[in-house]
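Q: Please take a close look at one part of this structure, the aromatic pairs.

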Amino acid sequence: MALRATTPPRPTRTRRLLRPGGLLVALGALALCTLLSITIGSKPIPAIDVWKALAHYDGTYDHDVIRTLRVPRTIIGVFVGAALGLAGALMQALTRNPLAEPGILGINSGAAAAVVLTTFIIGTTGPQLVWPAFIGAALASIAVYALGSRGHAAATPVRLALAGTALAAVLQGLIHGVIVLNDFVFDHIRFWQVGSLVGRNLDIFWQVAPFLTLGIVISLCLGPSLNAIALGDQLAAGLGARISLVRAATALAIILLCGAATAAAGPIWFVGLVIPHIARLITGPDQRWLLPWSAVLGALLLTTADIAGRIVLPSSELEVGIITAFIGAPVFIALVRSRKMAQL
């Protein structure tokens, strides 16, 4: 995969209009999906009762279902989807690797392995697992880059993808081994480790919200600097970009987003891979628009996948991580086979 540092093409008039206008439409679609996520579930609740539960809570069973189950699940889904979409876009921009995403590069697996080992060793569960998730994500990032580098040569997209896949396989084997051998870990982790929003409450959200918010804010501020770096290090330095600082801030944002998202919902694959490519088709390579589009589309995809998981099986539901895998795996294969998308 050859990498080129070229000036992004000047956007067409259609794309200039589509960027802000389409983003508003996407936000409207996200708002609609949010309402559907609160309304749709295994127990049918009329829309009027959903509104009453939100506006005039009376303590009935239906209102409890809305307030304590569906609302937290939907809020976490929106923020986790936005975080994964942004993390994927940042990773692809930083590594100039079209196959980069938190799952494929092993970062989600690193966070998940740290959470599982902490649960196994200490016996702790719940929101406090966010810190082990951050540590695991950071260590996995360092390990993948080290494995993907050869001596003093920079890591290439192919080496990074191979190193991430190998590390993820090893960590997933470790996770499954611990889960099988320990009943306590199995009971507390079995749904979380496939990527799930089931049973999430607002305590978990409030624990990870500061990190998600900080990661999102940092990401959205990095657009102009990432545009400069895309032109090549020498030209970026000539334009005044502080390359080391930008890369450090990007890495920090990725760790915050991946660690918090994994702690809240488990390791969810392919959202960070699919969403930046969809956003790039709409916005072009301009990171100032690509990043907010990735956040909105990531939230939209995860929320839609969660809704689909509730209705695809009449008597049960599929975890959101399974739905995103069904969506993302064919896209991943198409990207690997595509020459056009092999360059960023």
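Is Trp131 buried, exposed or partly exposed, and what is its relative accessibility?

A: Trp131 counts as partly exposed, at 49% relative accessibility. Buried means under 20% relative accessible area, exposed means over 50%, and partly exposed lies in between (1.4 Å probe, protein chains only). This is a predicted model: local features need pLDDT of at least 70, side-chain atom pairs count only at pLDDT 80 or more, and totals for chains, interfaces and linings use all residues. Residues are numbered from 1 along each chain as its sequence is written, and side-chain values use heavy atoms, with hydrogens and water left out.

Now the rings. A search of the whole structure finds six aromatic pairs. In one of them, the ring centres of Trp131 and Phe134 are 5.8 Å apart and the planes stand at 70 degrees, so this pair is edge-to-face. Rings of Phe, Tyr and Trp (its six-membered ring) pair if their centres lie within 6.5 Å; planes under 30 degrees apart are stacked, over 60 edge-to-face, and the rest tilted. Both residues sit in helix α5 (residues 130-148), three residues apart, about one turn of the helix. Helices are DSSP runs (H or I, at least four residues), numbered from the N terminus.

Phe134 is buried, with a relative accessible area of 8%. Phe134 also pairs edge-to-face with Phe211, at 4.7 Å centre to centre and 65 degrees between the planes. Phe211 lies in helix α8 (residues 202-221) and Phe134 in helix α5, so the pair ties together parts that are 77 residues apart in sequence. Phe211 is buried too, like Phe134.

Elsewhere, Phe79, Phe205 and Trp206 form one aromatic cluster.

How values were computed. Helix = DSSP H or I, 4+ residues; strand = E, 2+ residues; numbered from the N terminus.
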